[in-house]
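Colleague: I have a model to go through with you. Can we take the labels one by one and see what stands behind each?

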Amino acid sequence: MKINLVVALYRDSYFYDVYGAAVRDLQFLFELSKIKDVEITILNKPVSIYERLIFKKFPKKKVNYGDIETVDYTSYDLVGPLKKRGWFHKVYPGFLDLQLKILHKDDRCNVFLDFLPIGSPDERSLDGWIYWYDFIDNFMKHNRFTAEQKLLVNMKYQFVFNNADFVTAVSNDCLANLYSNVDLPFSYKVVSNKLFDFDGSYRCRIDSAMSDGNRLVNNCVQKYDFGFIGFVTDKFDISFIERLPKEYSVVLYGAVLDTAISKQLSSFDNVTLMGEFSFSEIPFLINTFKVGLLPYIVSKSHDGSPLKLYEYIRYLKPVITSQDFEIKSEKYIFNYNSCSFVNANFFLDDIISKEGDSEILSLLSDDDLLITSICDCISSITKLNLK
């Protein structure tokens, strides 16, 4: 059965052009593009006339990955964009209604995959479509959304509850906290963030680990003891970095989105800020440090699942984290809020010494590959269409 898949991305092709496939929705997209008989059209975020004039000057920005069509749209609304994220509540309905009408194909299984936390089509536009919604995060708890924006998120989540046919969610907590004490009217599957095997090297790395014995040797010399990859916001636990003994070096790769956070981190002599990067650079960047960090303030968690956890493990890095996620290991993953080791140098030295252990790969299985879950989702959706 051929599937006509239309995707409303949260991080669209403009994001991809700068950062690569560094986020959940883009990784979903590219795994879906590998599946036979799935034809994909992505809907870029509406671009305001201000953005178009200043820096988004290409009227047909495309994703350079596989056979994916792209719809780009310019809005000439002069007032709405001033509301920032709130504008999407106004601009998306008409845009989505039109595209769902234009892109519907009578001889296909039509699937609309929606990643948007704000902005919905009219429910009548979903006639003839299987509506698949993905909860990237619980945006009702997102630390960078305002109270007004969260009201719009709540409206979107009510729309999903009333109209979705199939839902994927980043964690059990995400669904439980959003729709507590109610029977869910849609089919659903929890798909935590997984390992996106973008270059097909993961299986080769497993084979190398088995043949090379206990350790794998990295291609470059590590300079830093601890490292982090990802956007740095006010959710980043600076207090943990501050408590690390000064003789341990820390490197942070990723744009720092809060000026106050940047200033504070820059004041630490043992911390190096490297700025933004593209996803394609990750294999090199991760091999410049020995232990991967997930230092998030727990109270600012939004029921998520860190993609970087899988990247650290993939490249044989032990992990220090502030909270427990779906992958656990007493030997290689350490929750610093559950044990008091920050000032114990011998403990940190022991963690660092585990870098490169091929056994770290045993924390992952084929079920942790994103493509496995994506294929399961397509199977579930196909069954819905046959009902």
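Modeller: Let us start with Trp 132. Leaving aside neighbours within four places in sequence, Trp 132 is in contact with Phe 28, Leu 32, Val 111, Phe 112, Leu 113, Asp 114, Phe 166, Thr 168, Cys 377, Ile 378 and Ile 381. Keep in mind that this is a predicted model.

Colleague: What makes these residues contacts of Trp 132?

Modeller: The cut-off is heavy atoms within 4.5 Å.

Colleague: Which residues touch the most other members of the largest nonpolar core?

Modeller: Trp 132, Phe 135 and Phe 226 do, in a core of 123 residues. Helix 4, residues 87–103, gives the most to this core, with eight residues.

Colleague: Where do Leu 43 and Val 71 stand relative to each other?

Modeller: They are bridge partners, with Val 71 in strand 4.

Colleague: How do you know that strand 2 and strand 4 pair?

Modeller: Pairing needs at least two bridges. Strand 2 and strand 4 (residues 68–71) have four bridges, so they count as paired, and the sense is parallel. Strand 2 also pairs with strand 1 (residues 3–8), in the parallel sense over six bridges. There, Ile 3 stands opposite Val 38 in strand 2.

Colleague: What makes strand 2 mostly covered?

Modeller: Strand 2 spans residues 38–43, and five of its six residues are buried.

Colleague: Are Cys 109 and Cys 375 buried, partly exposed or exposed, and why?

Modeller: Cys 109 has 1% relative accessibility, which is under 20%, so Cys 109 is buried. Cys 375 has 36%, between 20% and 50%, so Cys 375 is partly exposed.

Colleague: On to the sheet with the order 12-11-10-13-14-15. What makes strand 12 and strand 15 its edges?

Modeller: Six strands form this open sheet, with parallel pairing. Strand 12 (271–275) and strand 15 (333–335) each have a single partner strand, so one side of each is left without a neighbour in the sheet. The twist averages 25° from one strand to the next.

Colleague: How do you know that strand 13 and strand 14 pair?

Modeller: Three bridges join strand 13 (residues 289–294) to strand 14 (residues 319–321). At least two are needed, so the strands are paired. Gly 292 has Val 319 in strand 14 as its bridge partner. Helix 11 (residues 307–314) packs on the sheet, touching strand 10, strand 13, strand 14 and strand 15.

Colleague: Last one. Why is the crossover from strand 8 to strand 9 called right-handed?

Modeller: The chain goes from strand 8 through helix 6 (residues 172–178) to strand 9. With the strands pointing away from the viewer, a clockwise path is called right-handed, and this β-α-β crossover is right-handed, so its path runs clockwise. Strand 8 and strand 9 pair in the parallel sense over four bridges.

Note on methods:
Residues numbered from 1 in each chain as written. Predicted model: local features only at pLDDT ≥ 70, side-chain atom pairs only at ≥ 80, totals over all residues. Heavy atoms only, no water. Buried < 20%, exposed > 50% of the residue type's maximum accessible area, 1.4 Å probe, protein only. Core = buried A, V, L, I, M, F, W, Y, C linked by side-chain atoms within 4.5 Å. Axes fitted to C-alpha atoms, helices over the stretch in contact; angles between N-to-C directions.
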